Amino acid sequence: MSGRARARSRARARGQETGPPGLVRSGEVGAAAAVPSESELFGRGRQKGTPGAAAQEAVQHISVGFQRVKLGERGGRRCDVHDAGVNTRQAMEHVKDSKTGTTGSAIQLTANYFRIISRPQWALYQYHVDYKPPMEARRLRSALLFQHEETLGSARSFDGAILFLPHKLPNKETVLHSETRHGEKVQITVTLTNELPPTSPVCLQFYNIIFRRILRMLNMQQIGRNYYNPNDPLNIPQHRLTIWPGFSTAILQYEKSIMLNTDVSHKVLRSETVLDLMLNLRHKCGDQRFAEACAKELIGVVVLTKYNNKTYRIDDIAWDHTPTNTFKRGDAEISFKEYYKTQYSLDITDSNQALLVSHVKRTGPPGAAPPGPAMLIPEFCYLTGMTDKMRADYNIMKDLATHTRLDPERRQGRLNTFISNINDNADAQAELNTWGLGFENQLLTLSGRVLPGERISQGSRMYEYNPWQADWSREMRGVPLISSPALTTWLLLYTRRNTNEAQALLQGLHKVTGPLGIHMDRPVMIEYEDHQESLLRALQHNVGPQVQMVVVVLPSNRKDKYDSIKKYLCVDCPTPSQCVLSRTLSKPQTIMTVATKIALQMSCKMGGELWSVEIPLKTLMIVGIDCYHDTSCGKRSIGALVASLNQGMTRWYSKCVLQDRGQEIMDGLKMALIGALKDYLKFNDCLPSRIIIYRDGVGDGMLQSVVNYEVPQIMESIGSMGQDYMPKLTVVVVKKRINSRFFTQINGKVTNPPPGTVIDVEVTRPEWYDFYIVSQAVRQGSVSPTHYNVVYDTSGLKPDHLQRLTYKLCHMYYNWQGVVRVPAPCQYAHKLAFLVGQSIHKVPSVHLDDYLFYL
């Protein structure tokens, strides 16, 4: 068990109260609140503290603005995941009037958006509700207020303090009189505080609340942020998996209208319960290592409890609790076994199973007591998601893909069916009609532009590629690279049983390196025993300062072996290295393709330059930033920065920093950026006159932090190079995890848009300087666009030029002979942060800073 787990166990031993999911104690919010009886509702409303404190606090939250608005039934997280209210475009003079480009050929597209239709002069009226004497319980406040339906109408939304109505009451202040079940008289004062237009942030939040009600009317269940249909499961019995189909949804203000953005989502559930997994682990590990194995497998895993269709993250295992333990429910003690029998009609078969602990997120008002942990029964917890072993299983992934990787035609059909179900459902339409809202019944149509394909420059030759395939692996065969260091001293390590594979690799490399212009001498062949200590010993005895490259043929994909190689060769004895699985080398028909890719990787890891595209801007530095969260070291963050060093974007400076949890990523990367500028100066005898930073890894709701904190830190780093040094700076936030999808029609068939498609109208946000690019081609499923949001720009570059440059940089990732989804420095930064977070857990040696050693 981990140290943190032991600490939590000690906290329980000191008497911290626990309860099952569903138990709500005084002043706390349970994970899945059990519905109290009507008598409970009407007996516990009197506030004993300061009168009206909760109401005043709620009003203050509303008045501060959208980010902190509190609405009933809001669900999900407290932060604004859509970064509304972050207005960056107004500070950029050159895009105030227009942020659209003109280059490229026009293309007609459809997108997964539906316009919202509202009646003319629609507005939302916000009222503050006060109680005399004060009532604390929200359920009681609602029940007392809703006794006056004839005055308020049936369409309303109330969170205990703030009331929203679609119509205006006759008077600014309306006084109502109610009575509790016990005959207590209560005066309710309803005061108009705001008239909100349809585009106001509060209205947008409100639309989302109404829409979540609609989804519940369609019998969909919320898991995380998305809604799923448990009544239409897709079963894959051969792998004991079930898929719940569902949708991600968000209603926001876009360029010209308020729209619903919705995309298909899938939740993978396993037929296996946590108890099944625990019994298997006991059988495999025995009693001695059982607790440790369970903690390793289960802590951090998300489970689904089907009795209430809620998900929980397992934070600990309560070995000292079983279903026979009791807890306080109301005034009486009840065992977990009795609770589940009476509450959910579920019988617990194993009375000795340890309980699972899930720390419920705080959802009450600020200052309220934190909720106690939810205690879960392993027998009723179903595992969700995929294990690494399952992801590595080709057959499982292939069978899953048939259900989840929808081609454009199937995806568009699923979206049209979804909106039709809403428009055809009587209850849903009645709810929408009471608020004067509706949805268009067809997907949004809009125009995009397809940028011209790039010419690839390789050595003395230039060539074009098929723009629809976005791949030039065939075209580059037999063409010498721009430059490649001669490989004269290198090692090839292999086990005895992989001798044939090592020889096959050597022969393949000998055939492909000549035409590519790579000079490669014969390596020193080293045989090692198939265990970690022998491999490490072989590296320690043979790798010296003169060795340029180490290639290791691994018999299996065991992580500990790979990690030990990378740790030693990236930290202790800095040398570029290449690991190859013997399985990859075992097929004679693919050995030449594999050898070509390995030769290219080896070349660029030593500082080789493979190909380039034309970059018209001079003295330009491109920077990519990404981060990775290393859970094995107490959730440390790894920040990676990769910066270009030359005009052709073929040489890169790479730096990684390790940060403690809660620390801003730019704190460490400030020095990395200064290091990159110094390296650029050494390479070019001048500093860049223009710096463009692509910031990847920005989570939902983090945009304000980038604007307010990271941009000033970047400017401070640049300023440290000298008072007179003032380059033009552009900061672009790159987002891959988005729900936007675009489709086009070719020869009457719905298909993916071609690579190079730019979208900068209709579905962009009016307060941002943003655009989408579909840069890559996919062989299966629907292509995912990438969203680019320019949050700071003093360069004055036209939108056209920035879009073209961004697309050009997607061609420069040396680990793939084709166009990738993000600019090359972002992908390099991702690879570096991933390698350090997954395998090294330390900062790599400074001797490797000028090499792409992490590819």
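1. Helices here are DSSP runs of H or I of at least four residues and strands are runs of E of at least two, both numbered from the N terminus. The structure is a predicted model, in which local features need pLDDT of at least 70 and side-chain atom pairs count only at pLDDT 80 or more, while totals for chains, interfaces and linings use all residues. Residues are numbered from 1 along each chain as its sequence is written, and side-chain values use heavy atoms, with hydrogens and water left out.

2. On the overall make-up, the protein has 20 helices and 38 strands. Of its 855 residues, 54% count as buried, where buried means under 20% relative accessible area, with a 1.4 Å probe and protein chains only. The accessible surface, computed by the Shrake-Rupley method with a 1.4 Å probe, comes to about 38,100 Å², and 48% of that surface belongs to carbon and sulfur atoms. Taking contacts (heavy atoms within 4.5 Å) between residues at least 6 apart in sequence, 72% join residues at least 24 apart.

3. The second largest pocket has a volume of about 1,000 Å³, and its lining is made up of 31 residues, of which Tyr-562, Gln-578, Cys-579, Val-580 and Leu-581 lie nearest its centre. A pocket is an open set of points on a 1 Å grid over the protein atoms alone, where a 1.4 Å probe fits, with protein on both sides within 12 Å along at least five of seven lines; lining residues have an atom within 4 Å of a point. The volume is the space filled by probe spheres set on the points, which are joined across faces, edges and corners.

4. At least two lining residues of this pocket come from each of α15 (559-572), β28 (577-581), α16 (591-605) and α20 (824-840), and α20 gives the most, with 6 residues. By class, the lining holds 12 nonpolar, 10 polar and 9 charged residues.

5. Helix α4, covering residues 138-145, is mostly covered, with 6 of its 8 residues buried; these are Leu-140, Arg-141, Ser-142, Ala-143, Leu-144 and Leu-145.

6. How many disulfides does the rule count? With a disulfide taken as a pair of cysteine sulfur atoms within 2.5 Å, the count comes to 0. The sulfur of Cys-570 is 9.4 Å from the closest cysteine sulfur, in Cys-579, and therefore too far for a bond, and Cys-570 is buried at a relative accessible area of 2%. For Cys-810 the closest cysteine sulfur, in Cys-826, is 8.5 Å away, again too far for a bond, and Cys-810 counts as buried at 0% relative accessibility.

Note on methods
Nonpolar A, V, L, I, M, F, W, Y, C, P; charged D, E, K, R; others polar. Buried < 20%, exposed > 50% of the residue type's maximum accessible area, 1.4 Å probe, protein only.
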